[in-house]
There are 2 protein chains.
Amino acid sequence: MSVLVVGSTALDSIKTPYRKNPPLLSSSASHAAVAASFFAPVKLVGIVGDDFPKRYVRLYRRHGIDLEGLQRASGKTFHWAGEYEINMNNRRTLATELGVFEMFTPRLPAVYRQTPFVLLANIAPALQHHVLDQMRRPRFVAADTMDLWLNIALDDLLKLLRRIDALVLNDSEARQLTREDNIIAAAKKIHRLGPKYVIVKKGEHGALLSAPAGMFIAPAFPLEKVVDPTGAGDSFAGGLVGYLAASKGPLEANLKRGMIYGSVVASFCCEGFGLTRTTRVTREAIEERAGQLEKMVRF
Amino acid sequence: MSVLVVGSTALDSIKTPYRKNPPLLSSSASHAAVAASFFAPVKLVGIVGDDFPKRYVRLYRRHGIDLEGLQRASGKTFHWAGEYEINMNNRRTLATELGVFEMFTPRLPAVYRQTPFVLLANIAPALQHHVLDQMRRPRFVAADTMDLWLNIALDDLLKLLRRIDALVLNDSEARQLTREDNIIAAAKKIHRLGPKYVIVKKGEHGALLSAPAGMFIAPAFPLEKVVDPTGAGDSFAGGLVGYLAASKGPLEANLKRGMIYGSVVASFCCEGFGLTRTTRVTREAIEERAGQLEKMVRF
């Protein structure tokens with residue numbers, strides 16, 4: 001089955017202690033859509049300006065991503081510039097130029113509206129609502145978010161939580177949302193806000209699933225060198241929902257395995273700037289790392 | 001087989017945002033010895049003053065811990081006072097009163113010298129050397145350490161690394177020792193300093209084993225409430241080496257399972273101040289949590 005991915009389709013200028021890059025395709029929906037495409041057909045909803053490089057349209061196409069929902073507007077593509085500190089965990093924003101993204105209203109082509117799996121990648125909660133308003137009873141909806149929306153659009157986000165099956169967020173966001181320092185306690189509080197499944201991303205420390213049948217602890221794939229962690233969380237969510245869409249059988253078992261595949265795609269994402277590494281990955285390479293990860297947790 | 005544990009046997013006054021305690025039995029060797037005692041007979045090497053409460057001698061005895069190597073000197077027992085921040089990860093030292101610990105020289109009773117498994121819990125590297133000097137070819141030696149020794153006794157520590165099988169240290173110590181920010185890369189560098197097995201503790205994020213056959217990722221047991229994390233790392237190391245001493249078969253497989261048991265004992269440790277929770281634990285309760293943890297990583 002297929003996956004609808006909505007989010008930002010931006011160009012990012014990423015600076016690390018080791019390198020400074022020209023604007024590259026990065027952003028939530030781009031990472032999530034490419035990650036999901038390794039497992040299932042993907043329909044993309046986003047917006048780009050008339051400066052959006054044709055090579056990136058070709059990149060999406062190479063991954064079989066349906067671009068009917070990718071709006072093209074006259075103006076500049078959303079551009080974000082950021083800089084990582086030496087530890088590769090802390091980053092600061094150098095510039096945010098919204099461009100055409102400022103007037104983005106997701107409009108779903110008719111054929112998109114019955115997509116069974118939906119990933120609302122990181123984007124304003126009002127836009128995530130707007131997508132759900134156009135959908136016809138999807139089977140599974142996951143949403144990602146970020147601290148910005150907790151700060152400026154909390155009400156919209158809280159309403160969204162009652163409309164989704166799974167919330168994917170990172171540990172600091174889980175703490176901020178619940179005012180609870182302990183992650184396990186925070187996940188429990190988030191269940192009470194709506195989502196049946198709460199997935200807390202912890203970067204290099206992996207991710208936790210809190211579900212009705214209990215918890216699942218997914219490790220991150222250990223990397224000796226991280227080139228650029230931007231988009232790792234989006235790749236994780238995309239790989240996870242892509243895997244779900246491709247899988248039969250009980251959802252909760254698929255969610256666990258999906259988190260492992262999400263971790264693997266995220267690990268590739270971290271090994272290059274933007275999508276440069278992810279887009280060269282094969283399904284075989286993904287299976288190999290998933291097998292290695294399985295060995296690393298077996299005892 | 002039995003385990004020799006050497007380290008500090010101190011009283012700790014621990015203050016958290018929620019509670020302030022009178023001095024309780026805590027410290028590296030106390031936690032490690034009790035943790036190991038759930039799996040194998042333990043021989044303790046340490047020093048206490050004449051103020052050391054008799055109830056703590058009884059506590060050791062209840063755990064079947066051999067106290068022939070516990071020196072009693074006239075003076076005060078080592079006392080540490082510390083305070084945790086609200087997140088329970090950062091702590092600061094309020095007072096360190098070495099007392100009789102200042103003149104501690106570990107002397108091994110004759111019957112201790114052939115103990116096959118040795119845990120050099122956190123203590124000055126010179127004292128850890130002094131213990132090894134008295135041992136007759138132990139089968140397996142693990143050492144723990146702390147940032148203090150990296151700062152003031154690095155040469156002694158580096159020499160020690162060539163005499164041990166496994167180094168157990170936390171992530172920040174691994175970074176400090178190798179000047180390498182990436183934990184996987186840091187573990188590789190530590191192998192070159194001597195130890196065949198490197199175990200990096202990451203607190204609530206679990207622990208990593210780097211071994212000749214590859215890596216193993218051990219989760220921490222997820223706790224909704226942490227009362228006092230003091231001694232969790234010592235309990236982890238103690239449980240690990242205790243499990244090893246009690247197990248047959250290939251060392252590396254036992255190490256993995258030992259890390260799981262170490263994580264479980266550490267989780268109990270965090271649920272009470274000092275040893276108050278750990279000492280009420282049964283082997284059945286340990287097995288139950290180990291089984292739960294196994295379920296939480298299975299996919």
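In what order do the nine strands of the open sheet in chain A run? I read the order as 5-4-1-8-9-10-11-12-13, with mixed pairing. I took two strands as paired if DSSP finds at least two bridges between them. Helices (H or I, at least four residues) and strands (E, at least two) are DSSP runs, numbered from the N terminus.

Ground rules, noted before going on. The model is predicted, so local features need pLDDT of at least 70 and side-chain atom pairs count only at pLDDT 80 or more, while totals for chains, interfaces and linings use all residues. Residues are numbered from 1 along each chain as its sequence is written, chains are lettered from A and ligands numbered from 1 in the order in which they are written, and side-chain values use heavy atoms, with hydrogens and water left out.

**Sheet in chain A**

Inside the order, strand 9 (residues 140-144) and strand 10 (residues 166-170) of chain A run parallel and are joined by three bridges. A:Asp144 stands opposite A:Val168 of strand 10.

**Sheet in chain B**

I then looked at an open sheet of four strands in chain B, order 3-2-6-7, also of mixed pairing. Its edges are strand 3 (24-25) and strand 7 (91-97) of chain B. Strand 6 (residues 79-84) of chain B runs antiparallel to strand 7, with six bridges between the two. B:His79 has B:Glu97 as its bridge partner.

**Helices 8 and 9 of chain A**

I checked helix 8 (residues 232-246) against helix 9 (residues 251-270) of chain A: their axes come within 7 Å and cross at roughly 140°. Axes are lines fitted to C-alpha atoms, for helices over the stretch in contact, and angles run from 0 to 180 degrees between N-to-C directions. The two helices are therefore oblique to each other; angles under 35 degrees count as roughly parallel, over 145 as roughly antiparallel, 65 to 115 as roughly perpendicular and the rest as oblique. By class, their contact has 13 nonpolar, six polar and one charged residues. Ala, Val, Leu, Ile, Met, Phe, Trp, Tyr, Cys and Pro count as nonpolar, Asp, Glu, Lys and Arg as charged, and the others, Gly among them, as polar.

**Cavities**

How many cavities of 30 Å³ or more does the structure hold? I found two. On a 1 Å grid over the protein atoms alone, a cavity is a set of points where a 1.4 Å probe fits but cannot get out, and lining residues have an atom within 4 Å of a point. Grid points are joined across faces, edges and corners, and a volume is the space filled by probe spheres set on the points.

The largest cavity has about 50 Å³ of space. Its lining includes B:Ile183, B:Val198, B:Leu208 and B:Met215. Helix 7 (183-192), strand 11 (197-201) and strand 12 (207-211) of chain B each give two or more residues to that lining. By class, I noted eight nonpolar, one polar and no charged residues there.

The second largest cavity has a volume of about 30 Å³. Among the residues lining the second largest cavity are A:Ile184, A:Ala187, A:Val200 and A:Ser210. Helix 7 (183-192), strand 11 (197-201) and strand 12 (207-211) of chain A each give two or more residues to this lining.

How values were computed:
On a 1 Å grid over the protein atoms alone, a cavity is a set of points where a 1.4 Å probe fits but cannot get out, and a pocket is an open set with protein on both sides within 12 Å along at least five of seven lines; lining residues have an atom within 4 Å of a point.
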